[in-house]
Structure formats: structure tokens, C-alpha cells
Amino acid sequence: MRVLLVYVNRSRLHVPPPPIGLAYVAAATERAGHDVRLVDLYPARDPAATLRREVRAFAPDVVGVSVRNIDSASAQLVGSQLDEAAGLVAAARAETDAHVVVGGPAVSILGPAALRHLPADFAVLGEGEVAFPELLAALADRRDPLSVPGVAARDGGAPRGTAPARLTSFVPS
């Protein structure tokens, strides 16, 4: 599968963290045999336009969006980062019929409820380098995505998920 992984953290309040977690997911996804492209929207002047251009150019089968923060993490400048992430997920969805999957720390914290805020097909909860390649395999084999540990989906409209699998080691296999 062609997989576009997108880092949507755009907060300028603190030192910008690099997309290390998403890089782990990208490496695990490549090891599973997929063609992966990673785009970091932090430096983009117009992140929605950049994302739409990347989706058109790469023509992915799956778009994975990593959402780092729920809010601004600042008591002085309170703000939701989910709103911007939701807009970027919608921008990707407008360009493609590909499955859209959200993950990252904010999604893992929210659990299946993340799908109430983000217009994605699936959410990866917990360790994405485990669950995401397994979700891709389930989609390719036309198996129930909810059979994969650490995946949430809308089941009859209501978000429902499975408990995440945990890494037994931080050493890549």
C-alpha cells in the first residue's frame, strides 16, 4: 500500500518537537512492505494546501495523521489543537477516497472518543508502530479492523475501540 504519514503539530508556543514517534511508525510501516512518505506540516505556510498537494502527488491508499496535543499546553493561551487537526484531516479527506487514520499522543489519550472530534475512519491507540502496520494488513486482507489491538472505529456510528498492544521493548525488531 501507499501510505502518507502526516505530522500536524503546528504549535509555536514551545520548542517544536520533531516527529520522532511518527518516524518510528514510518519505519515499522516500511518494514511491513509498504511505500511510505512522511510530511511534516510544522514549517508549512499554508498547511491545508500543502497537505492537499501531497495527497494529490502521492495518491495514497491510506493517510495517517499524527496528532500530538489536545490543547495548547499553556495556561496563558488556552486553545484547542484538535480543531486545526480536524480541519487538516478534512482537507486530506477532500482530496482522496483513501482510508484516513489518526493516531499520536492526543488520540491515545482521548481513546475511541477521538473519532468524535476528528473526521477519520480509524484511530490508532497506543503504540502506532505495532497497531498501524497490523491495521494496514487487516484492511488489505478485508478483515475487521476492530480485530486489531489498539484500533478504534465507528461501530454503528458510535466510536468503539480495542485495548492497545504495548511494546515489550523499544529495540526495533
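This is a predicted model: local features need pLDDT of at least 70, side-chain atom pairs count only at pLDDT 80 or more; totals for chains, interfaces and linings use all residues.
**Notebook: a first look around**

I began with the surface: the protein exposes about 8,600 Å², and carbon and sulfur atoms supply 53% of it. Accessible areas here come from the Shrake-Rupley method with a 1.4 Å probe, and for residues only the protein chains shown count as cover.

Residues are numbered from 1 along each chain as its sequence is written, and side-chain values use heavy atoms, leaving out hydrogens and water.

Next I looked up the layout. I found 6 helices and 7 strands, taken as DSSP runs (helices H or I, at least four residues; strands E, at least two) numbered from the N terminus. Their order from that end is β-α-β-α-β-α-β-α-α-β-α-β-β. Of the 173 residues, 46% count as buried (under 20% relative accessible area; exposed is over 50%, partly exposed in between; 1.4 Å probe, protein chains only).

Then I picked helix α3, residues 82-95. Which of its residues are buried? I listed L82, A85, A86, L88, V89, A91 and A92. They pack against α2 (47-58), β3 (62-66), β4 (99-103), α4 (105-110) and α5 (114-117).

Last, I visited P164, in the segment after β7 (158-161). P164 is partly exposed, at 28% relative accessible area. Leaving aside residues up to four places away in sequence, P164 touches L125, G126, P149 and G150 (contact means heavy atoms within 4.5 Å). I also noted V124: P164 is 40 residues from V124 in sequence, yet their C-alpha atoms are 8.2 Å apart.

Technical notes:
The expected span of a helix is 1.5 Å times one less than its number of residues.
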